[in-house]
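This briefing covers one protein model, grouped by topic. Sequence and structure come first, then the points.

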Amino acid sequence: MPQNKPSGKTICVVGLGYIGLPTALLLADAGNQVLGFDVDQIKIKQLEAGLLPFSEHGLPELFATVQNKRTFTATTSIQSADVYIIAVPTPHTGKSADLQYIVAALSSIKPVFPKNGTIVIESTVGPRDCIDILEPLVAAWEIPFSFAHCPERAIPGNTLHEMVHNERIVGGRTPADTKKVITLYSTFVQGKLHGTTTTVAASCKVMENTYRAVNIALANEFALIAEQLEFNVWEAISLANKHPRVNIHAPGPGVGGHCIPIDPWFFAQTQQEVPSVISTALTINDTMPSHVVKQVEREIKLLKLQKPVIGILGLSYKKNVDDTRESPGFPIIKKLQETFSVMITDPYVTHSPAMTITSLEEVLHSADVIVLITDHDEYTSCNFSSYPNISVVLDTRNILSEIQFVKFQGIWKTLGNGA
Ligand code: SAJ
């Protein structure tokens with residue numbers, strides 16, 4: 001349930017991706033008049049036809065409700081609105097956020113921007129990007145304006161719930177701007193909205209994702225140690241986590257998504273006084289795909305498999321989503337394809353440029369070596385014993401269980417289990 005009444009303002013959400021579209025629909029559901037702007041004509045046509053450009057839990061239902069309310073319009077032509085919420089990608093160039101799409105969005109807003117209009121940046125930006133680059137850019141229009149940075153905090157797979165229930169950080173250019181944007185967001189956010197400056201808001205976001213990246217790297221290093229010292233890291237982690245102040249993350253084949261492998265670079269190498277935990281962590285995470293490839297090569301060599309077919313289970317960057325951005329599957333597949341024939345399956349991903357996605361059954365019937373990259377629920381019900389062609393199963397997520405291998409004649413390995 002929305003906390004506050006509709007704002008009575010027209011809101012334009014710029015960029016209808018994984019964050020922009022759910023945000024626009026939640027604002028529209030709360031009764032605000034929302035315009036969704038995107039430069040991608042195909043996406044707008046899809047939305048006009050009642051189709052969603054990606055899958056996300058609860059989004060079809062929300063879209064249907066909003067269509068009935070007639071509070072959301074998708075468009076490729078920018079129009080005047082009281083508030084512009086910018087949710088476009090900020091790719092990583094070198095060690096900083098590439099602001100080109102935000103700058104392009106601001107340029108398209110400029111001709112229609114009203115006096116006393118508001119700009120909110122949801123896209124992830126570097127800690128000082130708002131104060132040093134984006135606010136001055138808007139100030140140069142010489143029109144009175146409000147400006148805030150409200151970094152998105154929602155996790156793919158549970159986006160809508162998190163958008164409504166998570167606490168949010170709203171960093172305004174002035175305290176009055178902060179207050180204005182908090183009032184607007186409280187039309188659909190039930191979590192507490194905390195006011196601060198643009199720089200603290202941006203830093204907070206980078207710190208959140210850095211915290212996660214560093215903790216995943218620690219788990220990954222523990223996995224490598226466990227393989228050397230011949231113990232099962234998963235058992236050790238679950239026991240260590242019984243300690244009231246320990247929460248070790250899960251090791252895996254590498255870190256994907258648009259945020260965790262990228263945002264920490266905005267901080268890494270800022271200081272030179274001490275060795276950087278952040279840079280080291282990112283390097284560890286980036287090394288995991290080649291570690292997986294080495295494990296596969298070792299098993300193939302040990303078993304002397306001739307021209308083996310490798311079956312990759314999962315292309316998305318994490319469980320039960322169709323999002324493949326920065327997936328560790330890509331470097332793993334690329335490297336394996338240099339030597340082997342590789343088949344790929346993913347229940348959520350139907351196509352990917354330059355790749356053929358096959359059905360799970362076909363992969364299980366044809367592959368000699370199975371490499372499980374993504375922990376999709378579907379894989380926990382595969383019975384590997386039914387496929388005599390399979391010589392090796394490498395589970396990089398520790399989701400497979402004994403019941404799936406009762407009469408299995410091959411080798412079942414789990415990343416981080418050196419026992
Ligand atoms: N992963 C591990 N081990 C773990 C947890 C995750 O290997 O213990 C891997 C995942 O498989 C995946 C990657 O890390 O490849 C990232 O997944 P994730 O679920 O940790 O995070 P994202 O990228 O989907 O979303 C994160 C979230 N940030 C935090 O949890 C601090 C989300 O709240 C942010 O909104 C999002 O980044 C973002 O857009 O910044």
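Serine 146 is placed in strand E8 of this predicted model. With a relative accessibility of 6%, serine 146 counts as buried, the cut-off for that class being under 20%.

- The side chain of serine 146 is joined to that of aspartate 177 by a polar contact of 3.2 Å.
- Leaving out residues up to four places away in sequence, serine 146 touches Gly117, Thr118, Ile119, Asp177 and Lys180.
- E8 (residues 145–149) runs parallel to E7 (residues 117–121), and 5 bridges join the two strands.
- Within this pair, phenylalanine 147 in E8 has isoleucine 119 opposite.

**The eight-stranded sheet**

- An open sheet is formed by 8 strands with mixed pairing, and their order is E3-E2-E1-E4-E7-E8-E9-E10.
- The edge positions belong to E3 and E10 (193–197); each has a single partner strand, so one side of each lacks a neighbour in the sheet.
- On average, neighbouring strands of this sheet are turned by 25° against each other, direction ignored.
- E4 is covered on both faces: Val83 and Ile85 are buried on one side, Tyr84 and Ile86 on the other.
- E4 pairs with E1 in the parallel sense over 4 bridges, and tyrosine 84 in E4 has cysteine 12 opposite.
- E4 also runs parallel to E7, to which 4 bridges join it.
- Valine 120 in E7 is the bridge partner of isoleucine 85.

**Helix H3**

- The buried residues in H3 include Leu59, Leu62, Phe63 and Val66.
- Viewed down the axis of H3, the buried residues lie within an arc of 100°, so they line one face of the helix.
- An α-helix has 3.6 residues a turn, so residues three or four places apart point the same way.
- Glu61 and Asn68 are exposed on the other side of H3.
- H1, H2, E3 and H6 are among the elements that cover the buried residues of H3.
- Arginine 70 follows H3 and has a positive phi, near 55°.

**The largest nonpolar core**

- The largest nonpolar core has 38 residues, of which Phe72, Ile85 and Tyr185 touch the most other members.
- At least two residues of this core come from each of E1 (10–14), H1 (20–29), H2 (41–48), H3 (59–69), E3 (72–75), E4 (83–86), H6 (159–165) and H7 (175–185).
- H1 supplies the largest share of this core, with 6 residues.
- In soluble globular proteins, nonpolar side chains tend to be buried together.
- Tyrosine 185 contacts Ile85, Val120, Glu122, Cys150, Arg168 and Leu193, when its neighbours within four places in sequence are set aside.

- E12 pairs with E11 (residues 309–313) in the parallel sense, over 5 bridges.
- Isoleucine 344 in E12 has isoleucine 312 opposite.

**Two further residues**

- Where does threonine 187 lie? Threonine 187 is in the loop between H7 and E10.
- Threonine 187 is buried, with a relative accessible area of 1%.
- The side chains of threonine 187 and asparagine 32 make a polar contact of 3.1 Å.
- Valine 200 lies in helix H8 (residues 198–229).
- Valine 200 has a relative accessibility of 46% and counts as partly exposed.
- Between the C-alpha atoms of valine 200 and serine 401 there are 44 Å, the two residues being 201 residues apart along the chain.

Terms used: Residues are numbered from 1 along each chain as its sequence is written. This is a predicted model: local features need pLDDT of at least 70, side-chain atom pairs count only at pLDDT 80 or more; totals for chains, interfaces and linings use all residues. Side-chain values use heavy atoms; hydrogens and water are left out. A nonpolar core is a set of buried Ala, Val, Leu, Ile, Met, Phe, Trp, Tyr and Cys residues joined through side-chain atoms within 4.5 Å. Buried means under 20% relative accessible area, exposed over 50%, partly exposed in between (1.4 Å probe, protein chains only). Contact means heavy atoms within 4.5 Å. Two strands pair if DSSP finds at least two bridges between them. Axes are lines fitted to C-alpha atoms, for helices over the stretch in contact, and angles run from 0 to 180 degrees between N-to-C directions. The arc is that of the directions from the helix axis to the C-beta atoms. A polar contact is a pair of N or O atoms within 3.5 Å; within protein, one must be able to donate a hydrogen and the other to accept it, and residues adjacent in sequence count only if both atoms are side-chain atoms.
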